[in-house]
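Hi,

The structure we talked about is below. My notes on it follow; please read them with the model open.

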Amino acid sequence: MSARRALVTGASGFIGAALTRRLLADGWEVHVLLRESSSDAGLPASPQLQVHRHDGGTLQLIEIIRAAAPEAVFHLASLFLAAHKPEDIERLINANLLFSTQLVEAMSVCGVRKLVNTGTSWEHYEDAAYNPVCLYAATKQAFNALLRYYVEVSGLRVVTLKLFDTYGAGDTRPKVLNLLKRVANEGTSLGMSPGEQLVDLVYIDDVLDAFMLAYQQMDAQAHPMEDYGVSSGKPLPLKDIAALYAQVSGKPLNIEWGGRPYREREVMVPWQSYRTVPGWQPKVDLAQGLALFHTA
């Protein structure tokens, strides 16, 4: 019996690479789609893994999808910018709208019907049904609107997982936990906001469980488009997370709270009106996850 086939976008990123390893471990044949300039250094060597390089064209992407013939596509590729500059517009639109639309067009042409898509809790500033924190979040919602066309016309089935803050062992992204890690390891000081904003951290293994469970339930879902939040359910003030990190690492953190202002449209309270993937709940608590992150 041949292995199930998946196609993963964004496999050069932290979550995409981890999902690729998870699929391989679960016995899938995995095809990853990378830009010609993207590194594949974080991907494992496996006879069940095939890397496809996309030249930016729609027709070439159709040929890639046809050759890969995936049962499902896991779409994680995106350009994340917490705040944009005018010169970022083309990159944001190309990465988050043009490429994403090319992908589902290729799926439609090739008869691939299952898409696990990635969104962001930042589409829901102040717990609104839709209020984007930043232009990045707006592009995520815009693609969701485009997806509706393919659902109606091509019979696409979509689950969108809207991620909160993610972290894990081996995560080198320039996010707040790596700032804390650097301060702890180097004994340097850091000026931060007052630290009262609630941060919702979900460990990578739990995030991957949500992706796999979302895929497994696609055939049974009541509607062709569903979206779920992937939340710890236990957001904490940034100050408390820093204190827990200091405790777990055994190293003091020299942080000047209030040394810099909150950024514009700071998320003080994360999105609350989400639905969770049926049957999913996080297993790795924050203290355990921070210990794994710190020692990696």
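Strand β1, helix α1 (residues 14–25) and strand β2 form a right-handed β-α-β unit. Right-handed means that, with the strands pointing away from the viewer, the path from the first strand over the helix to the second runs clockwise. Helices (H or I, at least four residues) and strands (E, at least two) are DSSP runs, numbered from the N terminus.

This is a predicted model: local features need pLDDT of at least 70, side-chain atom pairs count only at pLDDT 80 or more, and totals for chains, interfaces and linings use all residues. Residues are numbered from 1 along each chain as its sequence is written, and side-chain values use heavy atoms, with hydrogens and water left out.

Strands

β1 (residues 5–9) and β2 (residues 29–35) pair in parallel through five bridges. Two strands pair if DSSP finds at least two bridges between them. Arg-5 has Glu-29 as its bridge partner in β2. Four of the five residues of β1 are buried. Buried means under 20% relative accessible area, exposed over 50%, and partly exposed in between (1.4 Å probe, protein chains only).

β1 also runs parallel to β4, joined by four bridges. There, Leu-7 is partnered with Val-73, and Thr-9 with His-75. β4 (residues 72–75) pairs with β5 (residues 114–120) as well, again in the parallel sense, over three bridges. His-75 stands opposite Asn-117 in β5.

In a regular strand the side chains alternate between the two faces of the sheet. In β4, Ala-72 and Phe-74 point one way, and Val-73 and His-75 the other. All four are buried.

β4, helix α3 (residues 89–110) and β5 make a right-handed β-α-β unit. Gly-111 lies in the loop between α3 and β5. Gly-111 counts as partly exposed because its relative accessibility is 41%. Pro-70 is 41 residues from Gly-111 in sequence, and their C-alpha atoms are 9.7 Å apart.

Aromatic rings

There are 11 aromatic pairs in the structure. Rings of Phe, Tyr and Trp (its six-membered ring) pair if their centres lie within 6.5 Å; planes under 30 degrees apart count as stacked, over 60 as edge-to-face and the rest as tilted.

One is Phe-80 with Trp-122, a tilted pair at 5.8 Å centre to centre and 55 degrees between the planes. The pair links distant parts of the chain, 42 residues apart: Phe-80 is in the loop between β4 and α3, Trp-122 in the loop between β5 and α4 (135–154). Phe-80 is partly exposed at 44% relative accessibility. Trp-122 is buried at 16%.

Tyr-167 and Tyr-203 have ring centres 5.3 Å apart and planes at 80 degrees, so this pair is edge-to-face. Tyr-167 is in strand β7 (residues 165–167) and Tyr-203 in strand β10 (residues 201–203), so the pair ties together parts 36 residues apart in sequence. Both tyrosines are buried.

Trp-28, Phe-74 and Tyr-215 form one aromatic cluster.

Lys-181 has its charged end over the ring of Phe-293, 4.7 Å from the ring centre (the cut-offs: NZ of Lys or CZ of Arg within 6 Å of the centre and within 35 degrees of the ring normal).

Regards
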